Amino acid sequence: MTPDLLNGLNEHLKLEFRASHEYLAMSIWLSEHDLPGFSSWMRKQSGDELLHAQRIIDHLVERDQKVVLPAIAAPPLSWESAEALCAHVLRNEQDVTASINNLYAIAETAKDRPGVIMLQWFVNEQMEEEAAARAVLGRIRLAVNTGVGLLMIDQELSGGSVPGMPASPRSEEHTSEVQSRGL
Ligand code: FEO
């Protein structure tokens, strides 16, 4: 693996861990504000981000490359509104997408086929993650961030999926992969 791809993958771990940490903080804040459906959606997203980091770590370990775990800053304690929180999620996802696209280009230039194949999974995953964040943000804005509207969206999210989005087979596939490895 080229040094720039190795450094880039290690740097990218920061974004996945930061997202996991922030989404967990969001889940707590949403629970405190009586939005259990939103809260469980963010709790699940927090867990998915750890699986994303684990996927990259596994790739580096399997290729005998050095993993450097990052320090993670404390997440915010509160948000102005559910809309502001969700806009923050979308910005996080856009940052992750930009980083993945950059890594993909580095892997392609280096003709690193295992890296390209591993990153292809993330390209697809990011399309879904951005679409889900945009869908929830759009619904909050349609509801004009009102109490009744938020309660309706909260009910929808309590079903475990984002309205209009398919259940993500990639997350489930990786969850069972991690479980089967006993991780
Ligand atoms: Fe792993 Fe939501 O980016």
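Which residues is L103 in contact with, leaving aside its neighbours within four places in sequence?

1. L103 is in contact with L5, G8, L9, H12 and L119, once neighbours within four places in sequence are set aside; contact means heavy atoms within 4.5 Å. The residue is found in helix α3; helices here are DSSP runs (H or I, at least four residues), numbered from the N terminus. L103 counts as buried because its relative accessibility is 2%. Buried means under 20% relative accessible area, exposed over 50%, and partly exposed in between, with a 1.4 Å probe and protein chains only. Between the C-alpha atoms of L103 and V61 there are 18 Å, and 42 residues along the chain.

2. Basis of the note. This is a predicted model, in which local features need pLDDT of at least 70 and side-chain atom pairs count only at pLDDT 80 or more, while totals for chains, interfaces and linings use all residues. Residues are numbered from 1 along each chain as its sequence is written, and side-chain values use heavy atoms, with hydrogens and water left out.

3. Largest core. The largest nonpolar core has 27 residues, and F38, V136 and I140 touch the most other members. Two or more residues come from each of α1 (3-32), α2 (36-62), α3 (82-109), α4 (113-142) and α5 (147-157). A nonpolar core is a set of buried Ala, Val, Leu, Ile, Met, Phe, Trp, Tyr and Cys residues joined through side-chain atoms within 4.5 Å. V136 is in contact with F38, W41, C86, L157 and V162, leaving aside neighbours within four places in sequence.

4. I57. This residue is found in helix α2, and it counts as buried because its relative accessibility is 14%. Not counting residues up to four places away in sequence, I57 touches L13, F17, V67 and L69. From I57 to G8 the C-alpha distance is 12 Å, across 49 residues of sequence.

5. α1 with α3. The axes of these helices come within 10 Å and cross at roughly 165°. Axes are lines fitted to C-alpha atoms, for helices over the stretch in contact, with angles from 0 to 180 degrees between N-to-C directions. α1 and α3 are therefore roughly antiparallel to each other; angles over 145 degrees count as such, those under 35 as roughly parallel, 65 to 115 as roughly perpendicular, and the rest as oblique. The crossing is left-handed, a term for the near helix being turned anticlockwise from the far one by less than a right angle. By class, the contact of α1 with α3 has 16 nonpolar, five polar and six charged residues. Nonpolar covers Ala, Val, Leu, Ile, Met, Phe, Trp, Tyr, Cys and Pro, charged covers Asp, Glu, Lys and Arg, and the others, Gly among them, are polar.

6. α2 with α5. Here the axes come within 7 Å and cross at roughly 45°, which makes α2 oblique to α5. The crossing of α2 and α5 is left-handed. On the α2 side P36, G37, F38, S40 and W41 meet L150, I153, D154 and L157 of α5. The contact of α2 with α5 has six nonpolar, two polar and one charged residues.

7. D34. The loop between α1 and α2 holds D34, which counts as exposed because its relative accessibility is 60%. D34 and L151 are 117 residues apart along the chain, with their C-alpha atoms separated by 9.1 Å.
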